[in-house]
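Please read it alongside the sequence and the model shown here.

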Amino acid sequence: MLNIKNLHVAVGGEEIIKGLDLEVGPGELHAIMGPNGSGKSTLGYALAGRDGYEVTDGSVDFAGQDLLELEVEQRAAAGLFLALQYPVEIPGVNNAYFLRAALNAQRKARGEEEVDSMAFLKMVREQLKQLKMDEALLKRAVNEGFSGGEKKRNEIVQLAVLQPKLAILDETDSGLDIDALKLVAEGVNRLRDENRSFIVITHYQRLLEYLVPDRVHVLSDGRIAESGDRSLAKRLEREGYAFLDTAEA
Amino acid sequence: MSALIEKLMPQAAAEDDGSFGSLRRKAQKVLMQHGFPHRKTENWKYMPLGLLEKRTFSDAGPGESETPSPPSFPFDAGVIHFHNGRLDPEACRLPDGVALTGMLPADIDVSVLDDAGPADAFAWLNLARFEQGWKLLVEGRPDQPLVIATTCDDDFDVAVHPRLTVALADDAALTLVEAQSGQGAGLINSVLDLRLGRQSSLTHVVERRFVETALIQRTTARISESATYRAFVLDGGGRLTRQDLVAELASPGATAGISGVATLSGRALVDYHTAIEHRVGGTQSHENFRILADDQSVGVFNGRIHIVRGADDSHSQMNTGNLLLSENARINTKPELEIHAEDVTASHGATIGQLDDDARFYLRSRGLSDTQAIALLKYGFAAAVFDTMAPGAVRDWLTDRLKEYL
């Protein structure tokens, strides 16, 4: 699904990702943990193609395509989704209108038929119900006046409607209370299948109790310093990241 | 600006055409005495009137060419149509409850002649030179909107001075739509007086887009006791557009709202000067005006709120938001509050910014192209201004026009 080799990414001329290798197979969920400033969010933005995140070396193969050759929206249409740590407010743009426009833009790019408003509403209402979100949010401007938890849940609604091949969740758990965290995790778990993959960026092992990872990676200073199964996350919770210094020393 | 006087006042004296003769002479005298505004006239400092000086206005007056049909609208409406500044009364379709008559000298507010200063020069010019004056009388609650369509020929090259008064009787209610467009490099110097009777309600929609035609319009709404005036303006740009919009809250319970959007591109220059006058207490106003300026366009908004001494318990809110879409575009925006009363609330805010890169990335990351993302962000910024408009066919039409302009 995703094969990253020797990825180097610079932001504002400063190298943040310094030779990262990562392979995520179809249907797998990988967790990426690591201290602040280790490059976790940079990895998400670089994969999504954000301006200012300059890939200086390396390659990224995504479902047989050279991801780095694609524009941001082409990456989305190819099946990549980045749930933002801080979802952006878009005043004046109706949530339902935006999401349908996004879905249809992706479908059009893939040569698929557009979804009509009735079918769309049915789909999105179902997702809102499962995430215990008020339907009235559809008529409100995108993320405007949403609570922190609502913004994060809204990302999962988008994820569920857009049905990407690979979803990168950038600290989707931060700022969520335990009930909201469970709802988000349930939302993600409903979407897991043998073809859809996830990269979950998080600081805390807490989320991984609900989203069981196939692999856990520790990112440190722009590289993957350690990989393992879910027991690695538990070890990090107990010991913190201090062992990284020991390992490197 | 004497060159402008020669251009726009070719005859030495106003024609004496009977009933309006003395008013015209007085207006002409005041105009000759004070002249046109110039760069040092505070309220006109952003208007390059030199552009008018460079133009040649035909002496012939509006041609006698056949008036085309008025533009069509996607809603049922009565229509009156000014073509090349001239109204054909026979072609009017008036909703029930609306009557059209000729204007009488008593219908004209002469207070504009008392102000000594060039800022009102174009209103004086209109008074000195208007060809026909019309008055619309509105009673009851017509079930259709009334459109005042303004068009001109592509080779329109004269200066015209249309003048219209719309008077709503007590308890009347109307949606009035001014739909204006023009290509030819003439000048439309228009005066529109709106008079709202007690407990009347006027929704005043302005939708305009000019190419080379210069528009200078003064609109004054006098709002009586418990009457409500709501203006919704969509300006798609013009080479030289100047709108003065004055709302006078003259009696307790009077309310005024002004919501406007100007979407400018190319070499458009659009200048909105609004003034809300709280003449007595117990009055309310709110204003929200947004400008989106692209290319080398220039947008000007000056929003004045004046609460006179003793107009206690007045409430006023103003907000102006502006989006610069190109390095060469310019926006000059100024909320101007003058408050002489106690116990009032008056708030104002002004912002100038650019499209948000985070928002643009966010939309693209969900699959929208950069062009779609920009259009959606611009629309979101602008359309919110019309949220306070009652839902219906006119609002749908206005937002569709907005989408076209973006």
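In strand E10 of chain A, Phe198(A) is the bridge partner of Ala167(A). The model is predicted, so local features are given only at pLDDT of at least 70 and side-chain atom pairs only at pLDDT 80 or more, while totals for chains, interfaces and linings use all residues. Residues are numbered from 1 along each chain as its sequence is written, and chains are lettered from A and ligands numbered from 1 in the order in which they are written.

Helices (H or I, at least four residues) and strands (E, at least two) are DSSP runs, numbered from the N terminus. Two strands pair if DSSP finds at least two bridges between them.

| Strand | Partner | Sense | Bridges |
|---|---|---|---|
| E3(A), residues 29-33 | E10(A), residues 197-201 | parallel | four bridges |
| E9(A), residues 166-170 | E10(A) | parallel | five bridges |

A residue is buried if 20 or more other C-beta atoms lie within 10 Å of its own, exposed if 12 or fewer, and partly exposed in between, with C-beta atoms placed from the backbone. Five of the five residues of E10(A) are buried, so this strand is largely enclosed by the rest of the structure. Both of its faces are covered, with Ser197(A), Ile199(A) and Ile201(A) buried on one side and Phe198(A) and Val200(A) buried on the other.

**The four-stranded sheet of chain A**

A further open sheet, of four strands, has the order E2-E1-E4-E5 in chain A with antiparallel pairing. Strand E2 (14-24) and strand E5 (65-66) of chain A stand at the edges with a single partner strand each, so one side of each has no neighbour in the sheet. Strand E4 (residues 53-62) of chain A pairs with E5(A) in the antiparallel sense over two bridges. Asp61(A) stands opposite Asp66(A) in E5(A).

**Helix packing in chain A**

Two packed helices are described by the angle between their axes and the distance between the axes. For H3(A) and helix H4 (residues 117-130) of chain A, the axes come within 11 Å and cross at roughly 110°; helix axes are fitted over the stretch in contact, and angles run from 0 to 180 degrees between N-to-C directions. H3(A) is therefore roughly perpendicular to H4(A), a description that covers angles of 65 to 115 degrees. Ala96(A), Leu99(A), Arg100(A) and Leu103(A) of H3(A) meet Ser117(A), Phe120(A) and Val124(A) of H4(A), where contact requires C-beta atoms, placed from the backbone, to lie within 7 Å. By class, this contact has five nonpolar, one polar and one charged residues. Ala, Val, Leu, Ile, Met, Phe, Trp, Tyr, Cys and Pro count as nonpolar, Asp, Glu, Lys and Arg as charged, and the others, Gly among them, as polar.

**The contact between the chains**

Chain A contributes 20 residues to the contact and chain B contributes 18 residues. On the side of chain A that touches chain B, the elements giving two or more residues are helix H2 (72-78), strand E7 (90-94), helix H3 (95-109) and helix H5 (148-162) of chain A. The residues of that side divide into 15 nonpolar, three polar and two charged.

**Chain B**

Chain B has seven helices and 20 strands. Its C-alpha atoms fill a box of roughly 70 × 45 × 45 Å along the principal axes. A compact globule of 406 residues would have a radius of gyration near 22 Å, and the 21 Å of chain B agrees; the radius is taken over C-alpha atoms, and the globule rule is 2.2 Å times the number of residues to the power 0.38. Of the 406 residues, 50% count as buried. Among contacts in chain B with a separation of 6 or more, 84% join residues 24 or more positions apart.

Two loop residues of chain B have positive phi values without being glycine. Ser226(B), with phi near 55°, is found in the loop between strand E11 (214-223) and strand E12 (228-235) of chain B. Asp313(B), with phi of about 60°, lies in the loop between strand E17 (298-307) and strand E18 (315-324) of chain B. Ser226(B) is partly exposed, with 18 other C-beta atoms within 10 Å, and Asp313(B) is partly exposed with 16.

Technical notes:
Contact = placed C-beta atoms within 7 Å. Parallel < 35°, antiparallel > 145°, perpendicular 65-115°, else oblique.
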